[in-house]
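Please read them with the structure open.

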Amino acid sequence: MSINRREFLKMAGITTILGIGGVSAVQGVRNRVEASQASRAPEALTAKRWAMVVDMSKFKSEEDYQKCINACHLSHNVPHITDNPKHEIKWLWTETYEHAFPGNEDKYRAERFQHMPFLMLCNHCENPPCVRVCPTQATFKRKSDGIVMMDMHRCIGCRFCMAGCPYGARSFNYKDPRPYIDGSKENLEFPTRMKGVVEKCTLCYERLAKGLQPACVEVSNGALIFGDLEDPNSAVRKVLSERFTIRRKPELGTGTSVYYII
Amino acid sequence: MLEKAIYGGRRYWVWIFFLLGLISVGFLAYLYQFKSGLGITGMSRDVSWGLYIGQFTFLVGVAASGVMVVLPYYLHDYKKFGRLTILGEFLAIAAVIMCMLFIFVDLGQPLRVLNVILHPTPNSVMFYDMLVLSGYLMLNLLIGWTVLGAERKEVAPPKWVKPLIILSIVWAPSIHTVTAFLYAGIPGKHFWLTAILAARFLASAFAGGPALLIILALIVRKYTKFDPGKEAIQSLGKIVTYCMLINVFFLGLELFTAFYSQIPGHMHTFAYLYAGLHGHNQLVPIMWVSSILALIAIVLLVFPQIRKNENLLAVACLATFFSLWIDKGFGLVVGGFVPNSFEKITEYWPTLPEALIALAVWAIGFLVLTILYKIAVSIKEEVVFDKYGEKQIKAE
């Protein structure tokens, strides 16, 4: 079969157009399905919108906080950087009342509340500013359950999300985090990160997929209550309907999913 | 036309190699940053943007300010700017290139930069910033090159350039507005969350950019046979004067709202920058240097008798430029992060490698600018000088 240049170019053009069209059609379908929906294990914990209530009355000692923090940081290979506080990576940590709820200070409030450490974590906002500002969708809100996720392979490290987050929940890997992970305690089931990407709490999506509660909740002895905010019978909704709770910076309209009972 | 850049005197080559030297040093510093990560800078978990993003923000303003000579010339037929337009357009090109480089060196994972195009995200202001900046670069390259090429051949520029020029005039304020929106739409950062931020950005840009252009025009006149025109420089001086006054006025509006309302979140950053907060006062000296330079600039600019003296005008322009360079290229960005989301204070100061990288980006900008100006000036010297020569300006 002979073919002249004109015909060849025509065919090449049509093939290219079909190829590009086909790829974008497949992409279109693929973008509508999330990995978590595509292959969900039967034992997976599911919710329309996950939320957490922190019951401060159940945190009695420094140890109670540290237990939760360790559980989180060990299961996610969070580097323990002590040589330079500017480079700290924190998923779960504590701040005293005045720093956790700035603008609500009152110098006559009882001393024990002034300096009470509160557990801080990503608030998994209903309307997250970090997701709004991210130029690559490396941080995104999972449609199925509202978790604000991180794709550390897509993150370009522009740190717009860190400027955007009003809760200081995000950490940037200013250096290679791996030397700061204790090799003997490394969790081989969770990836370590590389330098130059942002990370934060992802509400233990990997544990939920296996039917486990988040690591911090599991070890908290009931001080952390976890459940579906949209389910009226869930544990969190039950607490929220009975006890007085506060959230961080509600005036910003971010719709945080972490509540505190004082 | 590029061949004009490879013929030059001794002074030209010394300057080029000086810039290349700065670029080499900065490149080595960048290799160090590339290998170790952004931890080699002064940035932290709390102050997560620093010198790089500050310089980026300032330079977007310099790029946008090219419109201050292009607009009067093309929309108001203000002929005296005829010889300045090419300098304005080429300054814009160098400034946009520096902006892009400053974003690039600020990335934690620079090799993934194309993810911004691969995963376009219309809800992110950064996405629009990329669009408007690259668009503005293309427009200025195309317009500057075409108009200069036509001048060289002593023919009128092709008709299709005019609509592009009009587009570039509309485009210029957009690049700086979008840059302001990077900051002005972030909840919880009181210092940036102000509707007047884009207006402030434009006012400071239209003061700082033309101030730099005046200095460049004076240098071009001193070292070449091409004179951008005495009256053109004076007109530009008026633009600097008005925009600097508007800029200071806008800053005053911010201060009034913060300190009359007495809302702590609105006052904290200003207090930190100009007086220090809870014993932290690292930026206070440079912010006062900026304020004093602004004051000197305004005193020199406001009185026409002073402004008409070109030496004093040059001093005023240098004062304007450095005042705004500190205020916007540093204080504005760092200040937004102090105090942080927990009302705690972490201070920031750039490290040596960080400063060397920033200096190298500036050197690349000046290298581009020098080459472009060399081409433009060579062509003007040999072809256009008579056409728009001083004689004709005087005759008008």
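1. Start with a helix pair in chain B. Helix α8(B), residues 197–223, and helix α13(B), residues 310–336, have axes that come within 8 Å and cross at roughly 135°. That angle makes α8(B) oblique to α13(B). The crossing of α8(B) and α13(B) is left-handed. Bear in mind that this is a predicted model.

2. Which residues of α8(B) and α13(B) meet? From α8(B) come S204(B), A207(B), G208(B), A211(B), L212(B), I214(B), I215(B) and L218(B). They meet E310(B), L313(B), A314(B), C317(B), L318(B), T320(B), F321(B), L324(B) and K328(B) of α13(B). The residues of this contact divide into 12 nonpolar, three polar and two charged.

3. Now turn to a sheet in chain A. Three strands form an open sheet with mixed pairing, in the order β8-β1-β9. The edge strands are β8(A), residues 224–228, and β9(A), residues 258–261, each of which pairs on one side only. On average, neighbouring strands of the sheet are turned by 20° against each other, direction ignored.

4. Take the pairings one at a time. Strands of a sheet pair through backbone hydrogen bonds, either parallel or antiparallel. Strand β1(A), residues 50–55, pairs with β9(A) in the parallel sense, over four bridges. Within that pairing, D55(A) has I261(A) of β9(A) as its bridge partner. With β8(A), the pairing of β1(A) is antiparallel and runs over five bridges. A51(A) stands opposite G227(A) of β8(A).

5. Is β8(A) largely enclosed or largely open? Five of the five residues of β8(A) are buried, so this strand is largely enclosed by the rest of the structure. β8(A) is also an edge strand, pairing on one side only. The two descriptions concern separate things: strand pairing on the one hand, burial on the other.

6. A helix belongs in this picture too. Helix α10(A), residues 235–242, lies across β1, β8 and β9 of chain A. α10(A) runs at about 115° to β8(A).

7. Last, the contact between the chains. Here 39 residues of chain A are in contact with 33 residues of chain B. On the chain A side, α6 (129–133), α7 (160–164) and β6 (171–172) each supply at least two residues. α7(A) gives the most to this side, with four residues. The residues on the chain A side divide into 17 nonpolar, 12 polar and 10 charged.

Conventions
Residues numbered from 1 in each chain as written. Chains lettered and ligands numbered in written order. Predicted model: local features only at pLDDT ≥ 70, side-chain atom pairs only at ≥ 80, totals over all residues. Axes fitted to C-alpha atoms, helices over the stretch in contact; angles between N-to-C directions. Parallel < 35°, antiparallel > 145°, perpendicular 65-115°, else oblique. Left-handed = near helix turned anticlockwise from the far one by under 90°. Contact = placed C-beta atoms within 7 Å. Nonpolar A, V, L, I, M, F, W, Y, C, P; charged D, E, K, R; others polar. Pairing = 2+ DSSP bridges. Buried ≥ 20, exposed ≤ 12 C-beta atoms within 10 Å, placed from the backbone.
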